[in-house]
Amino acid sequence: MPLARSLSITSLSGLEEWDEEFDLEDAVLFEIAWEVANKVGGIYTVIQTKARLTAEEWGENYFLVGPYVESNVRTQVELIEPTNPALKRAIDKMNSSGCKVYFGRWLIEGSPYVVLIDVAFTAWNLDKWKKELWDNFSIGVPWFDREANDAVLFGFLTAWLLGEYAAQCEEPPHILAHFHEWLAGLGLALCRQRQLPVATIFTTHATLLGRYLCAGSVDFYNNLADFNVDKEAGDRQIYHRYCLERTAARCAHVFTTVSQITAVEAEHLLKRKPDIITPNGLNVKKFSAMHEFQNLHAQSKNRIQEFIRGHFYGHLDFNLDKCLFLFIAGRYEFSNKGADIFLEALARLNYLLRVNHSDVTVVAFFIMPARTNNFNVETLKGQAVRKQLWDTAQTVKERFGKKLYESLLVGQLPDVSKMLSKDDFTMMKRAIFATQRQCQPPICTHNMLEDSNDPILTCIRRIGLFNSSADRVKVIFHPEFLSSTSPLLPMDYEEFVRGCHLGVFPSYYEPWGYTPAECTVMGIPSISTNLSGFGCFMEEHIADPSAYGIYILDRRYRGVDESCNQLTSYLFQFCQQSRRARIIQRNRTERLSDLLDWRYLGRYYISARHMALAKAFPDTYFYQPHDSDTAQGFRYPRPASVPPSPSLSRHSSPRQSEAEEDDDRYDEDAEAEKDRLNIRQPLTLPSKKGPALPYTLPAAGTSSKPTCSSASVGILY
């Protein structure tokens, strides 16, 4: 049984069906992460959306473990008594020994059990545990690093919990513990050091050192093999954190990461090749009719247009019906997230639209949280002026309507010259005068605390995009997460994304990329890169990604200027599409959502768990990956209505004119049916809770190629 074999899997059909069913009745799964019921970043989304599928598979034997944060518990967790007798005894034993451990249900889809540990309550053990960490692992943690201190406390407490649970079990237990990221990784190392009967999995969603290196001006991916990792971590004062992460990766029975590009990174920085790739998914809601999500797009777009009317009052000299909304969102990492190259491309796009006398206007939103103290007064004034104009129009309309109604009642046609009174004209003139503006529309919606040093604002000053009337590209920087309760742009993020036309995410460092994945699920085209896990995944699984509204920017093998030109080309071509072409493209994009559904991608986590159980308990569990030289692949073909030549199709996007005969070749029902055939219908796995678990068991075959995309993925259907 070649369990030590490294398995590199990125294709949906890359997993072999196991030889015999795994009996999970005697196994217990603990999934441990700092972001359980504690939103910090993207790992929260991974765990939250995956919980329903995992709970269906493991039933009452699935427990999430995270930190106790009172503000989160009040709104997200229902505290109850532990249902598992051994776990109840373990928690009681820890509480009687000076800990505070809580048990409850996380109020999300699937309602999984959670064990929440109050880290601060046991801080009196910190010095003792730091000494034990140094004695056993030679890792020293400085006193001033609060996050690392929390990692030490959380690691020792989770190892204590697992050890106590194993001791309280009446029969030898089969415990599986899945640890996410370095903040939880110490618990894994302690389980191995103490030789607990625990099968361990460690998943890194992004390497610590990789994120720090990419934030600097280095050619990261083309020099991975040349970095002196110890020196680089020491220079950035994160050596202790790096050691915790590397120890967890090296000690785990199974090491996984979220994408092939991050697997290459982990192999060089953490010195271990991941055993399996576990892409991130989403819970996909399918509509009964295709036009439903298009209607949602139209409704959300109208709400964004209302904001634009207020924001650009006095300078609304462009046609909103020919206005395209682009956006970039995420953590405020100016270079890592590609905001720098996006701004440069917008400046070049502005030039192209102006010299070509285009009637299209582009509004680019930057949704990235930064330090602010309040809303911009001029921005709030714009929305107030818009509302005043609307109220004035409604008042005049009511008066006009009343006079028209009374005239028709007496059987006379109205005298149009008498329908509006002098008061009406005065009211309308005052409203028009109120829209006069002496300054340009604001770029930033908030007052920035460090305006002069802000990277986005500094770049905008350099490239000269000031929202002037001559500019065909307008920029709006919203340095705060969107909320439906905002007085400025009252929309949730999901609603905002649905109303936009294109998401732009030219990231230099993006281990997976939930933002473009969310766009895809909502039927919104997006631009990603071949340095993001999402971009590599789509390149492998779609024969022609751009035909489906997934544009892949080359940032690995091209210089910054070349990548910027390519991005500008994508944006300009998108601006030239007709409305019909964009509707066709959104239909195609939305059909890709099945690729990102946890019902399909959850298979990778299932396989990783079975591999870990087989490694830790070889007498009970058996798992042998199919070793094959060839992989039977899985790939979406090029849509039938797209011309086969890239030169004809403008990177395989729909044709530009509604009058062109190639548009007549488009048949939505035929394309949708063909795409449905390309995703195999889910089979069923036995579940321990509720009905059979819907799941896809793909054809046999694995690939050990370390490349992000492969021309030989396999069969094109």
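Rings of Phe, Tyr and Trp (the six-membered ring in the case of Trp) are taken to pair if their centres lie within 6.5 Å, and the planes are classed as stacked under 30 degrees apart, edge-to-face over 60 and tilted for the rest. On this criterion, F307, F325, F327, F365, Y493, F496 and F505 are linked by ring pairs into a cluster. The structure is a predicted model, in which local features require pLDDT of at least 70 and side-chain atom pairs count only at pLDDT 80 or more, whereas totals for chains, interfaces and linings use all residues. Residues are numbered from 1 along each chain as its sequence is written, and side-chain values use heavy atoms, with hydrogens and water left out.

A search of the whole structure returns 30 aromatic pairs. One of the pairs is formed by F63 and F103, whose rings are tilted, with 6.1 Å centre to centre and 55 degrees between the planes. F63 belongs to strand 2 (residues 62-67) and F103 to strand 4 (residues 101-106), so this pair ties together parts that are 40 residues apart in sequence. Helices (H or I, at least four residues) and strands (E, at least two) are DSSP runs, numbered from the N terminus. Both F63 and F103 are buried, where buried denotes under 20% relative accessible area, exposed over 50% and partly exposed the range in between (1.4 Å probe, protein chains only). A ring also takes part in an arrangement with a charge: the charged end of K50 sits over the ring of Y605, 4.7 Å from its centre. The criterion here is that NZ of Lys or CZ of Arg is within 6 Å of the ring centre and within 35 degrees of the ring normal.

An open sheet is formed by 6 strands in the order 14-11-10-15-16-17, with parallel pairing. Its edges are strand 14 (473-478) and strand 17 (550-553), each of which pairs on one side only. Neighbouring strands of this sheet are turned by 25 degrees against each other on average, direction ignored. Two strands are considered paired if DSSP finds at least two bridges between them. Strand 16 (residues 526-529) and strand 17 pair in the parallel sense over 4 bridges, and S528 stands opposite I552 of strand 17.

Helix 20 (residues 560-576) lies across strand 10 (323-329), strand 11 (361-367), strand 15 (502-504), strand 16 and strand 17, and runs at about 160 degrees to strand 17. Axes are lines fitted to C-alpha atoms, for helices over the stretch in contact, and angles run from 0 to 180 degrees between N-to-C directions. Within helix 20 is T568, which counts as buried at 5% relative accessibility. Leaving aside neighbours within four places in sequence, T568 is in contact (heavy atoms within 4.5 Å) with A345, R348, L349 and L352.

A further set of parallel strands involves strand 8 (residues 254-257). Strand 7 (residues 198-204) is joined to strand 8 by 4 bridges, with I201 opposite V254. Strand 8 is in turn joined in parallel to strand 9 (residues 276-277) by 2 bridges, and T257 has I277 as its bridge partner. Both faces of strand 8 are covered, with V254 and T256 buried on one side and F255 and T257 buried on the other.

Strand 8, helix 10 (residues 260-269) and strand 9 make a right-handed β-α-β unit; the crossover has this hand if, with the strands pointing away from the viewer, the path from the first strand over the helix to the second runs clockwise. Helix 10 is mostly covered, 8 of its 10 residues being buried. These are Q260, I261, T262, A263, V264, E265, A266 and L269, and they pack against helix 7 (208-215), helix 8 (229-235), helix 9 (239-251), strand 8, strand 9 and helix 19 (533-541). K271, which follows helix 10, has a positive phi near 65 degrees.

Helix 18 (residues 514-521) has 7 of its 8 residues buried, so it is largely enclosed by the rest of the structure. The buried residues of helix 18 are Y514, T515, P516, A517, C519, T520 and V521. Just after this helix, G523 adopts a positive phi of about 80 degrees.

F617 lies in the loop between helix 22 (598-616) and helix 23 (646-649) and is buried, with a relative accessible area of 12%. Residues up to four places away in sequence not being counted, F617 touches P173, H174, I175, P197, V198 and A199. F617 and V198 are 419 residues apart in sequence, with 8.9 Å between them in space, C-alpha to C-alpha.
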